[in-house]
Amino acid sequence: MTRPHTPPAAQTTTTAAALGQQDAAAISAACASSASHVAIEIVGQTGSTNADLLARIDTLAGPTLLIAHQQTAGRGRAGRSWLSAPGAALMFSLAWRFKGPLHRMSGLPMAVGVALAETLGSLGVPVQIKWPNDLLRDGAKLAGILVESQTAKRDTDGAIWAVIGVGLNLLMPDQLEAQIGRSVAAAPWLAQMPRQQLVAALLSRLAAVLAEFDDTGFAPFCERWNALHAWHGREVVILDHDQVLQQGRAAGVDAIGRLLLDTSAGRVEVLSGDVSLRLNPASAGAATPNPTLPD
């Protein structure tokens, strides 16, 4: 069974700790067998769940899910801040040990995106994936994924730990959207679900996908990712610190998770790294429909 964990007193209040223990047990009971070995921890407030788990990699006994009701220093890719309001988002990180080596991990954020998108779709919230790590609902960002990797000192067999951070907007208060400064999506239907059931559904699918990814890499997920590709056939630009590196038409991803871009010089493959993908504002052409998506 999943091991509910009472967080250290320094991380949360007594009330939150009691609530966390109760919620962890409920999540455990609702999880599929794929997640039966995952330890579940819940804290009332922390800086960053990703940072907390990365700091504990050397002492983790196995896969660990850390959920925070509030994060005060949540992070996205390239050090960007993740803004949220208490109770308005589901925020968690999952630490998972992979066999490695590191170069096999390049498609992991995309596999995680597939797991989350398929789960949300099964719960009545259809989404698409923006390469490499965002989930979009009606074209606006609903969720973000941050994957960070680290080697434990005790591991001498090439194993790699990944900490997978997820922020999922459930509600979007006007004040928070104004603070973010752009249109973002929310999923009020999910906010009405018992939070334990929502977490259990996401964790169960994530655990199954991570176990498969550890054995196979990203290749088996490629077709599923392309079926969920938000900007298929759209003119896009690849940016690095606001400098344009490439521009062309997005054509999906390949078997290791690289973005395929059809440019004037031919097809190129783009690794994620810290680059950003944006629609090309200079293009007024209509998008090419994704043949794998329903009209």
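The model is predicted, so local features need pLDDT of at least 70, side-chain atom pairs count only at pLDDT 80 or more, and totals for chains, interfaces and linings use all residues. Residues are numbered from 1 along each chain as its sequence is written, and side-chain values use heavy atoms, with hydrogens and water left out.

**Overall make-up**

- The chain has 7 helices and 13 strands; helices (H or I, at least four residues) and strands (E, at least two) are DSSP runs, numbered from the N terminus.
- Of the 295 residues in the chain, 52% are buried (buried means under 20% relative accessible area, exposed over 50%, partly exposed in between, with a 1.4 Å probe and protein chains only).
- Take the contacts between residues at least 6 apart in sequence: 67% of them join residues at least 24 apart. Contact here means heavy atoms within 4.5 Å.

**The five-stranded sheet**

- An open sheet is built from 5 strands in the order β12-β11-β10-β9-β13, with antiparallel pairing. Two strands pair if DSSP finds at least two bridges between them.
- At the edges sit β12 (266-270) and β13 (276-279), each of which pairs on one side only.
- On average, neighbouring strands of this sheet are turned by 45 degrees against each other, direction ignored. Axes are lines fitted to C-alpha atoms, for helices over the stretch in contact, and angles run from 0 to 180 degrees between N-to-C directions.
- Strand β9 (residues 235-240) and strand β10 (residues 243-253) run antiparallel and are joined by 6 bridges.
- Two residue pairs to look at between these strands: valine 237 has glutamine 247 in β10 as its bridge partner, and glutamate 235 stands opposite arginine 249 in β10.
- β9 and β10 make a hairpin with 2 residues between them, and histidine 241 in that turn has a positive phi of about 50 degrees.
- β9 also pairs with β13, in the antiparallel sense, over 4 bridges. Leucine 239 has serine 276 in β13 as its bridge partner.

**Helices α3 and α6**

- A packed pair of helices is described by the angle between the axes and the distance between them.
- For helix α3 (residues 108-122) and α6, the axes come within 9 Å and cross at roughly 145 degrees.
- That crossing of α3 and α6 is right-handed (left-handed if the near helix is turned anticlockwise from the far one by less than a right angle, right-handed if clockwise).
- On the α3 side, the residues that meet α6 include Leu108, Ala111, Val112 and Ala115. Among the α6 residues that meet α3 are Arg205, Val209, Leu210 and Phe213.

**Aromatic pairs**

- The structure holds 2 aromatic pairs. Rings of Phe, Tyr and Trp (its six-membered ring) pair if their centres lie within 6.5 Å; planes under 30 degrees apart count as stacked, over 60 as edge-to-face and the rest as tilted.
- Phenylalanine 98 and phenylalanine 213 form an edge-to-face pair, at 6.0 Å centre to centre and 85 degrees between the planes.
- This pair links distant parts of the chain: phenylalanine 98 is in strand β4 (residues 89-98) and phenylalanine 213 in helix α6 (residues 195-216), 115 residues apart. Both phenylalanine 98 and phenylalanine 213 are buried.
- Phenylalanine 218 and phenylalanine 221 have ring centres 6.5 Å apart and planes at 25 degrees, so the pair is stacked.
- Phenylalanine 218 counts as buried at 3% relative accessibility, and phenylalanine 221 is buried with a relative accessible area of 0%.

**Buried loop residues**

- Asparagine 133 lies in the loop between β5 (128-130) and β6 (134-137) and is buried at 8% relative accessible area.
- A polar atom of the asparagine 133 side chain lies 2.7 Å from the backbone oxygen of isoleucine 145. A polar contact is a pair of N or O atoms within 3.5 Å; within protein, one must be able to donate a hydrogen and the other to accept it, and residues adjacent in sequence count only if both atoms are side-chain atoms.
- Serine 48 is in the loop between β2 (39-46) and α2, buried at 7% relative accessible area. A polar atom of its side chain lies 3.4 Å from the backbone nitrogen of asparagine 50.
- Glycine 62, in the loop between α2 (49-54) and β3 (64-71), is buried at 11% relative accessible area.
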